[in-house]
Amino acid sequence: VIQDMRGAYFVLDLHASARNKSELYEVRVSAKDADRLVPRARALCPQLIWVYPDKGSFCASLTGALCAAGTDAMILEVDERRRRPQEIAEMVVEGIFCKLKEMGIWTGEAQNPPSKSESIPTVFSQEDVCRVACEYPGVYVPEDFLGTHVHAGQVLGTVIDALEGVARQEVKAPCDGLVFSQRSYSAVYPGTLIARIRKEQA
């Protein structure tokens, strides 16, 4: 597969989000190629751009392998389990056609890409992200903050004791920022990732 795709002008690698996790429509690009790829990602009209470290799961992905081979590729992370799957699907399709039109492949109607002055939330490094984890085991019941800005101390959800039915922990935001990933209803254990928040930029 890598041999067949190596040398392509541009590759989109579509991913479905992990089970029990909801995410914004985001584009992930290689950190080593960020200066070149972030501007190219804008025409996909994502809700978030994440400059991802070139290690771990990213290196093991199709995108990571193609970037290592010198082919421009990026991951489209899509959550098809959200409450309005049709809405997220339309967002992705419109973004792809917008990109195709920018590249001169599509000549039909398409939405306009974001202007250069229009800001798209971007995670440039791990320091831009607040990682929120729970401290107690149980069943996590989230509040719906995906895609919204929260403030430090705001309750993101509650961990319920599965046997006694009582609240064990109110999980709170450690910083101000945009919630771009959150856990859905599921069993959790100490250290389970609950949410990712892009820190408010000064």
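# Surface, cores and bonded side chains

Val 93 is partly exposed, with a relative accessible area of 44%. Here buried means under 20% relative accessible area, exposed means over 50%, and partly exposed covers the range in between, with a 1.4 Å probe and protein chains only. The structure is a predicted model, in which local features need pLDDT of at least 70 and side-chain atom pairs count only at pLDDT 80 or more, while totals for chains, interfaces and linings use all residues. Residues are numbered from 1 along each chain as its sequence is written, and side-chain values use heavy atoms, with hydrogens and water left out.

Val 93 belongs to helix α5. Helices are DSSP runs of H or I with at least four residues, strands are runs of E with at least two, and both are numbered from the N terminus. Together with Phe 97 and Trp 106, Val 93 forms a nonpolar surface patch with about 250 Å² of accessible area. Patches consist of residues with over 30% relative accessible area and no salt bridge, with like charges joined within 9 Å and nonpolar side chains (Val, Leu, Ile, Met, Phe, Trp, Tyr) within 5 Å. The accessible areas come from the Shrake-Rupley method with a 1.4 Å probe, and for residues only the protein chains shown count as cover.

## Nonpolar cores

In soluble globular proteins, nonpolar side chains tend to be buried together. A nonpolar core is taken as a set of buried Ala, Val, Leu, Ile, Met, Phe, Trp, Tyr and Cys residues joined through side-chain atoms within 4.5 Å. The largest such core in this model has 17 residues, and those with the most contacts inside it are Val 27, Val 29 and Met 74. Two or more residues each are given to this core by β3 (26-30), α2 (34-41), β4 (48-52), β5 (73-78) and α5 (85-102). Helix α2 supplies the largest share, four residues.

Leaving aside neighbours within four places in sequence, Val 27 is in contact with Ala 41, Leu 44, Pro 46, Leu 48, Ile 49, Trp 50, Met 74, Ile 75 and Leu 76. Contact stands for heavy atoms within 4.5 Å.

Not counting residues up to four places away in sequence, Gln 126 touches Trp 50 and Pro 53. Between Gln 126 and Met 74 there are 18 Å in space, C-alpha to C-alpha, and the two are 52 residues apart in sequence.

## Cysteines

A disulfide is a covalent bond between the sulfur atoms of two cysteines; the criterion applied is a pair of cysteine sulfur atoms within 2.5 Å. The structure holds one, which joins Cys 130 to Cys 175 with an S to S distance of 2.3 Å. Cys 130 lies in strand β7 (129-133) and Cys 175 in the loop between β11 (167-172) and β12 (177-183), so the bond ties together parts that are 45 residues apart in sequence. Cys 130 is buried at 9% relative accessible area, and Cys 175 is buried at 11%.

Cys 98 is in no disulfide, and the nearest cysteine sulfur, that of Cys 45, is 3.9 Å away. Cys 98 is buried, with a relative accessible area of 3%. Cys 45 lies in the loop between α2 and β4 and is buried at 14% relative accessibility. Although Cys 45 is not a glycine, this residue has a positive phi of about 55°. The sulfur of Cys 134 is too far for a bond, because the closest cysteine sulfur, in Cys 130, is 16 Å away. Cys 134 is buried at 4% relative accessibility.

## Salt bridges

The structure holds 10 salt bridges, each a side-chain nitrogen of Lys or Arg within 4 Å of a carboxyl oxygen of Asp or Glu.
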